[in-house]
Amino acid sequence: FVLYKLCEEQLSKQRHYDFGLRNILSVLRTAGSVLREFKLTNATSAGNTVYEDIIFMQTLCDMNLSKLVYEDIDLFKSLLRDTFYEQRGDLQEGQNSHPQIRTVLRE
């Protein structure tokens with residue numbers, strides 16, 4: 001997983017940072033749950049991988065930003081945008097970001 005390898009190399013060293021398999025599994029489970037829910041409510045666009053990229057990118061942001069120290073937030077967002085360079089959307093922060101994804105994707 002390239003993003004987490006870059007985070008380990010470039011972000012500051014903090015004891016509470018976890019970029020290992022446990023975190024990757026949590027992100028995959030959460031993104032999968034959101035994607036399944038999105039596909040159930042939007043059957044016409046279920047096969048479009050653009051939505052999957054957006055949902056995955058937002059899930060990574062949601063699940064990691066709260067753990068980062070302030071000095072690392074901008075670097076993490078930059079690494080995330082570089083990893084998902086084809087997606088130009090703004091990252092939403094906070095617990096209400098997934099409903100915003102659904103609203104944008106429905107349009």
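Arg 36 sits in helix H2. Its C-alpha atom lies 10.0 Å from that of Glu 52, a residue 16 places away in sequence.

A word on how to read all this. The model is predicted, so local features need pLDDT of at least 70 and side-chain atom pairs count only at pLDDT 80 or more, while totals for chains, interfaces and linings use all residues. Residues are numbered from 1 along each chain as its sequence is written, and side-chain values use heavy atoms, with hydrogens and water left out.

Now step back to the whole chain. The protein chain has 5 helices and 0 strands, and reading along the sequence gives the pattern α-α-α-α-α. Helices (H or I, at least four residues) and strands (E, at least two) are DSSP runs, numbered from the N terminus. The protein chain has 107 residues, of which 38% count as buried. Take the contacts, meaning heavy atoms within 4.5 Å, between residues at least 6 apart in sequence: 70% of them join residues at least 24 apart.

What lies inside? In soluble globular proteins, nonpolar side chains tend to be buried together. In this model, the largest nonpolar core has 20 residues, and those with the most contacts inside it are Leu 3, Leu 60, Leu 68 and Leu 80. H1, helix H2 (21-41), helix H3 (49-65) and helix H4 (70-83) are the elements giving two or more residues to this core. H3 supplies the largest share of the core, 5 residues. Another core, of 5 residues, lies apart from it and includes Leu 35, Phe 38, Tyr 51 and Ile 55. A nonpolar core is a set of buried Ala, Val, Leu, Ile, Met, Phe, Trp, Tyr and Cys residues joined through side-chain atoms within 4.5 Å.

Leaving out residues up to four places away in sequence, Leu 60 touches Phe 1, Leu 3, Tyr 4, Val 27, Phe 76, Leu 80 and Phe 84. Val 27 is 33 residues from Leu 60 in sequence, yet their C-alpha atoms are 6.4 Å apart in space. Helix H3 also holds Leu 65, which is buried with a relative accessible area of 11%. From the C-alpha atom of Leu 65 to that of Phe 76, 11 residues along the chain, the separation is 8.0 Å.

Next, follow helix H1 (residues 2-10), whose buried residues are Leu 3, Tyr 4 and Cys 7. These residues are on the same side of H1 because they cover an arc of only 95° around the axis; the arc is that of the directions from the helix axis to the C-beta atoms.

How do H1 and H4 meet? Two packed helices are described by the angle between their axes and the distance between the axes. The axes of H1 and H4 come within 10 Å and cross at roughly 150°. H1 and H4 are therefore roughly antiparallel to each other, a label for angles over 145 degrees, with under 35 counting as roughly parallel, 65 to 115 as roughly perpendicular and the rest as oblique. Axes are lines fitted to C-alpha atoms, for helices over the stretch in contact, and angles run from 0 to 180 degrees between N-to-C directions. On the H1 side, Leu 3, Leu 6, Cys 7 and Gln 10 make the contact, and on the H4 side Leu 75, Phe 76, Leu 79, Leu 80 and Thr 83 do.

Our last stop is Leu 75, in helix H4. Its relative accessibility is 28%, so Leu 75 counts as partly exposed. Beyond its neighbours within four places in sequence, Leu 75 is in contact with Gln 10 and Leu 11.

Methods: Buried < 20%, exposed > 50% of the residue type's maximum accessible area, 1.4 Å probe, protein only.
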